[in-house]
Amino acid sequence: MANAVVHLILVPSHLEEKLYIGALFVVGSVVMLGVAVGLVVLRRPVGAWLVGSATSVGMIVGFLLSRTVGLPGYHEDGWELPYGPLSLVVEALFVVLFAAWLGRADTVRGAVPHPRVVRRIKALSGRSR
């Protein structure tokens, strides 16, 4: 959510500076808001974690490219304090949290299967006895 907020704050200035950069900020923010909702409401939020991590890595790469080799018609000279470093920290933290979530023993093994799957397994195992 913090990632979306930081980028939404910067949308107006980036839309004026380079339209496609501002549009990417909007898209990234909307995606990350959707990811935040998915992490809260989904029973198994693997997809939300994957989309959020891919988006975060993409934003980090975009930030670094825009300050090194540049992007088409766009090059930033500074870090855009305090938002640039803050966004990098928030994006990297999301990826680290995803890795930690994946590393939890119960993430995959302890996941509760859908009730229909449980019934099917019980029915199949009852037949084999």
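## Basis of the description

A patch is made of residues with over 30% relative accessible area and no salt bridge, in which like charges are joined within 9 Å and nonpolar side chains (Val, Leu, Ile, Met, Phe, Trp, Tyr) within 5 Å. Accessible areas come from the Shrake-Rupley method with a 1.4 Å probe, and for residues only the protein chains shown count as cover.

This is a predicted model, in which local features need pLDDT of at least 70 and side-chain atom pairs count only at pLDDT 80 or more, while totals for chains, interfaces and linings use all residues. Residues are numbered from 1 along each chain as its sequence is written, and side-chain values use heavy atoms, with hydrogens and water left out.

## Overall architecture

The protein has 5 helices and 0 strands; helices (H or I, at least four residues) and strands (E, at least two) are DSSP runs, numbered from the N terminus. Of its 129 residues, 29% count as buried, where buried means under 20% relative accessible area, exposed over 50%, and partly exposed in between (1.4 Å probe, protein chains only).

## Nonpolar surface patch

Met1, Val5, Leu8, Ile9 and Leu33 form a nonpolar patch on the surface, and together they have about 440 Å² of accessible area. Helix α1 (residues 2-17) gives the most to this patch, with 3 residues. Met1 belongs to the segment before α1 and is exposed, at a relative accessible area of 59%.

## Salt bridge

The structure holds 1 salt bridge, defined as a side-chain nitrogen of Lys or Arg within 4 Å of a carboxyl oxygen of Asp or Glu. The partners are Glu80 and Arg67, at 3.3 Å from N to O. Glu80 lies in the loop between α3 (46-67) and α4 (83-103) and Arg67 in helix α3, so the pair ties together parts that are 13 residues apart in sequence. Glu80 is partly exposed, with 24% relative accessibility, whereas Arg67 is buried at 18%.

## Largest pocket

On a 1 Å grid over the protein atoms alone, a pocket is an open set of points where a 1.4 Å probe fits, with protein on both sides within 12 Å along at least five of seven lines; lining residues have an atom within 4 Å of a point. The largest pocket holds about 400 Å³ of space, a volume being the space filled by probe spheres set on the points.

Its lining has 25 residues, of which His7, Phe25, Met59, Gly62 and Phe63 lie nearest the centre. Helices α1, α2 (19-41), α3 and α4 each give two or more residues to this lining, and the largest share, 7 residues, comes from α3.
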